[in-house]
Amino acid sequence: MANTCECEGSCTSVVYEELDAFMADCPKGRDRLIPVLQKAQELFGYLPVEVQEYVAQALELPVSEVYGVVTFYHYFTMEPRGRHTINVCLGTECYVRGAKKIVEALSENLNIKMGGTTEDRRFSLTTQRCFGACGLAPVIMINDDVHGRVTPKKIAGILAQYE
Amino acid sequence: MAKPRAYVMVSVDADTVVIGAREVKTRLAAEIGGCGLGGEVRVLETGSFGPSDAGVVAAVLPDGVVYGNLTPERIPQLVEEHFVKGRPVKDWLLPGEHFLPDPENSDPRGQQYFGRIVLDNCGRIDPESIEEYIANDGYFALGKALAEMTPEALVEEVKASGLRGRGGAGFPTGLKWSFCASEQADIKYVICNADEGEPGTFKDRLIMEGDPHKVIEGMALCGYALGASQGYVYIRGEYKLSIERIRHAIEAARENGLLGKDIMGSGFDFDIAVKIGAGAYVCGEETALIESMEGKRGLPRVKPPFPAKAGFRGKPTNVNNVETLANIPFIIRNGAAQFHRIGDPGTPGTKVYTVLGHINRAGLIEVPTSVTLRDVLEDYAGGMRAGTFKMAQLGGTAGDLLDASMLDVPLNYDSLAKNGHSLGSGAILFMNETVKVCDFLHACMKFFAHESCGNCNPCRNGMEALLELTERLKQGAGYPGDIALMEELVMGMQSIAFCPLGQSPAAPVLSAVRYFRDEMLTGIDADAVRPRPEHTMRHLMKLAS
Ligand SMILES: Cc1cc2nc3c(=O)[nH]c(=O)nc-3n(C[C@H](O)[C@H](O)[C@H](O)COP(=O)(O)O)c2cc1C
Ligand code: FES
């Protein structure tokens, strides 16, 4: 998932190269902005202003437009996230089945607020709209894994699966 | 190899993968092989065929029994008992009747034949095998249309079928197609709306996971009818398995000459690409979806011009829901007349729902449009699991709340409209008396407040005000007049919000007030004094200027 490398600089050029290669492969035109940003976020883990400027320049778009798109969609983030992103479903079914207790248990367990990231950058905690997995409510998603029928008791065990 | 005597269909969809469906399948195949039955019993992966709260589910055909809550540990005993000794393991059978996809299957109430139109293959074939789709009449409709029908005749056939859009608004599909078909342009686009964002709705996901080729065939037929050469499936990013299976299906169709240039030698060119959403509820609205596909913020456009005139990249574009498109092959294969005979004459056909809540059997169902809410509850959902029926929300968070007085209204656009309601997106949430109306409304408002894009003031501030209002009512600390204020707010938002998202809270709020005013009044504290400033529409307008 997220590439949150700590080596500051020396390896980012490799990441930029990969992004360049991806952009070169995309069919030309305005349409490619979102796929490119999705790729960039996958590579960098988040979309700091520098990356947005880089993309804007490469695609010959005003930075303001790139920024507008980044801030519009839930998938994009401008803050560095933890190695693993925990998404708690906010949907009605999950809410009815106790999503709130899950949020509380997660906050307590990780000692962070909703929207926060742990100090060791292991986890970030966010919410999301219905995943469409309501049969398993309440549902949380860690990176791309869906965990269903979560109870506060199960939280510690689930988190332990992620280093 | 001899023809197998039995098939074990393991439902592998995004929900069951999480709880180990693939492990169960692997173990099943291994155990069956270990008993030397590999040639007789085939283990297959299918999409979901209904139950969504029964763990890993597998059906044995032709026996027609369904096992639930399977784990790899249970498999050796299951294989030994069922396949070697030939007696089903009663304890693990899923109780109740099942809607096992079977073309001979009649309505479980035994009243009316309908079979399944959209889900006929779900749970019966391997969604990753184009051969199995073809063996079940797949791509027959496309072949028939290309060989025998003109594009105009195809549009007429869909018109005659009376099919109405399943994405929420219920717009007649044939009519929509005819707008786009009559446009002259060098290129036209067909878009399949698979952004399914309405909470509680996941029927489109299960259709794509269970029978992706049906969606592809529907799109190709649409492309032929409209003279479009390029299709897109816009899938929300979280639907990983749908994305995978649709992509796989597109490739398989291309390899078999069912997509690409000169399809089946007819001279018709059509190809499909997948676009992945980046997460915003409003992108499900068709013009917002087009904006998003163009790499912009997903803000709805001002209509007109409608997409049929100027849609994606300014070209004529037709947007249909996944389920709508999945109906097309049946209509072309069997003719409009046969389709029209099913369900309610005003909204012929079937409707796919995900049913959830305090019921015995949650999951995916497909029912004729003539059944009522009570039929769904009693016959398909197995009745209430606990408590008694208090209310149902029809069509996700933006849908209406109904009370027991609406149980006998048939679930279709016309019958519901007569009662001042709409059908919505295909989710039904049944609730018993433990759910408080104000709590529930608050949960709905939370969702809208989260999804408001902030572009227009009535929606941005209105949602916050509604959140505050429902929070107060929930805690029994509402100010006298709060209910009227809430009504004023949602109606105001309905008329002046820029996009349909801002209009959405009106349905749940107004229907809640209509049926549960007395209960909501208990959230009001008669002695509470309202502090200034008030959240009135006038106040909002002032903020806006
Ligand atoms: C806020 C909003 C969200 C919507 N979300 C969806 C959606 O997730 N899926 C969908 O098919 N239609 C959605 N629609 C309806 C679409 O705008 C459009 O009517 C539909 O895709 C047309 O398909 P149909 O004619 O086949 O029903 C939404 C509409 C609004 C206003
Ligand atoms: S409400 Fe949580 S997955 Fe649907």
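Predicted model: local features only at pLDDT ≥ 70, side-chain atom pairs only at ≥ 80, totals over all residues.

Mentor: Chain A has 7 helices and 4 strands, in the order α-α-α-α-β-α-α-β-β-β-α from the N terminus. Its C-alpha trace spans about 50 × 35 × 25 Å along the principal axes.

Trainee: How is chain A divided into domains?

Mentor: The assignment gives domain 1 (12–72) and domain 2 (84–160) of chain A. Their centres, taken over C-alpha atoms, are separated by 29 Å. For chain B, the assignment gives domain 1 (6–92), domain 2 (130–339), domain 3 (343–432) and domain 4 (437–544).

Trainee: What makes Phe440(B) a buried residue?

Mentor: The cut-off for a buried residue is 20 or more other C-beta atoms within 10 Å. Phe440(B) has 23 C-beta neighbours inside 10 Å, and therefore counts as buried. Phe440(B) lies in helix α16 of chain B. Between Phe440(B) and Lys474(B) there are 8.8 Å in space, C-alpha to C-alpha, although they are 34 residues apart in sequence.

Trainee: Why is Glu60(A) called exposed, and why is Arg313(B) called partly exposed?

Mentor: An exposed residue has 12 or fewer such neighbours, and a partly exposed one falls between the two limits. Glu60(A) has 7 other C-beta atoms within 10 Å, so it is exposed. Arg313(B) has 14, and is therefore partly exposed.

Trainee: How do you know that the buried residues of α5(B) line one face of the helix?

Mentor: The buried residues in α5 (residues 140–148) of chain B are Ala141(B), Leu142(B) and Ala145(B). Viewed down the axis of α5(B), the buried residues fall within an arc of 100°, so they line one face. An α-helix has 3.6 residues a turn, so residues three or four places apart point the same way. On the other side of α5(B), Ala147(B) and Glu148(B) are exposed. The cover over the buried residues of α5(B) includes α6 (151–161), α9 (212–226) and α12 (322–334) of chain B.

Trainee: Which residues have the most contacts inside the largest nonpolar core?

Mentor: That core has 179 residues, and those with the most contacts inside it are Val139(A), Leu221(B), Val355(B) and Phe430(B). Beyond its neighbours within four places in sequence, Phe430(B) is in contact with residues including Val355(B), Leu377(B), Met384(B) and Phe389(B). Another core, of 23 residues, lies apart from the largest one; Val12(B) and Leu28(B) are among its members.

Trainee: What joins chain B to chain A in terms of contacts?

Mentor: Contact requires C-beta atoms within 7 Å. On that basis, 43 residues of chain B are in contact with 31 residues of chain A. The side of chain B that touches chain A receives the most from α16(B), with 6 residues. By class, this side has 19 nonpolar, 13 polar and 11 charged residues.

Trainee: What surrounds ligand 1?

Mentor: The shell holds 22 residues, and the closest are Gly165(B), Gly167(B), Gly284(B), Thr324(B) and Pro500(B). The largest share, 3 residues, comes from β8(B). By class, the shell divides into 6 nonpolar, 9 polar and 7 charged residues.

Conventions. Residues numbered from 1 in each chain as written. Chains lettered and ligands numbered in written order. Contact = placed C-beta atoms within 7 Å. Helix = DSSP H or I, 4+ residues; strand = E, 2+ residues; numbered from the N terminus. Nonpolar A, V, L, I, M, F, W, Y, C, P; charged D, E, K, R; others polar. Arc of directions from axis to C-beta. Near = placed C-beta within 6 Å. Domains from an automatic or database assignment. Core = buried A, V, L, I, M, F, W, Y, C linked by C-beta atoms within 7 Å.
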